[in-house]
Amino acid sequence: MHGLVDCHCHISSEDFDKDIEEVIAHSKQAGLLGILAVAEHHGEFDKIIELSQRFPGFIFPCLGVHPVQQTVPTVQRCVSLQDLDAALPLIEKYEEHLVAIGEVGLDFTPRFVSEEGAKDIQRQVLVRQAELAKRLDLPLNVHSRSAGRPTIQLLKEQGVEKALLHAFDGKPSVAMEGVKAGYFFSIPPSIIRSEQQKLVKQLPLENICLETDSPALGPEKQVRNEPSNLLVSAEYISKIKGLPLETVLEVTTRNALRLFPKLKAAIKL
């Protein structure tokens, strides 16, 4: 099995508006089989669906509500129940197109949860989306910044069986609780300069997927990341684990297709 799957990418970002054709062409040249396009708020749902129709069989939509919302370019705030209420009808509208619900999760970075009750609201938003994912039989594409243990604990409490923990910043010992629950962890190109190296050492390859989180989390800080950098993740995982690159490519792609069944049905191998 040859090729890579970018399991978590913000391809709908304005950063890609001017050269999306070139970005997709570079991705295919780099050996990508597909890109999972995640959303953060309902305002980008239509754009993600349009991109998936513009690049059929390559861009696959995941719609969800992120725990942190950006109201204007420089202002971010904790999610509200109103944000979720605005998004749910659209998720239902597009359900047949979706390969996952995401990006969802918890973000307990202090500046986002300084108000009383903010953590509880994030939990409520995540619980309702977990319930939706179970009802639609879709995996969750999960954010868990500064909230690794509470996120995994909540997913387990909700009976979530299919989940991808993206760019996990928790302790490796906490991640192993997710491994026991059958969850997967995706590794971005920023692995070459991050604490995630310790995580990769401990995670079984059978629970690892690849992501770019483009345009963020690239090999270099403050430089736009692209899906074509996915191979950087694979090469570094190969180096850390002392495994052939081909093995990492084959297993991580197989993991992605197992976690996202609708992806497997659409990708031509």
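**Exercise 1.** In which strand is Glu 103 found?

Solution. The model is predicted: local features need pLDDT of at least 70, side-chain atom pairs count only at pLDDT 80 or more, and totals for chains, interfaces and linings use all residues. Residues are numbered from 1 along each chain as its sequence is written, and side-chain values use heavy atoms, without hydrogens and water.
- Strands are DSSP runs of E with at least two residues, and helices are runs of H or I with at least four, both numbered from the N terminus.
- Glu 103 belongs to strand S6, residues 100–107.
- Gly 102 is joined to Glu 103 by a cis peptide bond, with omega about 20 degrees.

**Exercise 2.** Is Asp 213 buried or exposed?

Solution. 
- Asp 213 lies in the loop between S10 and H8.
- Its phi is positive, about 55 degrees, although Asp 213 is not a glycine.
- Asp 213 counts as buried because its relative accessibility is 9%; buried means under 20% relative accessible area, exposed over 50%, and partly exposed in between (1.4 Å probe, protein chains only).

**Exercise 3.** Classify Ala 167 by accessibility.

Solution. 
- Ala 167 is in the loop between strand S8 (163–166) and helix H6 (172–180).
- Phi of Ala 167, a residue other than glycine, is positive, near 45 degrees.
- At 21% relative accessibility, Ala 167 is therefore partly exposed.
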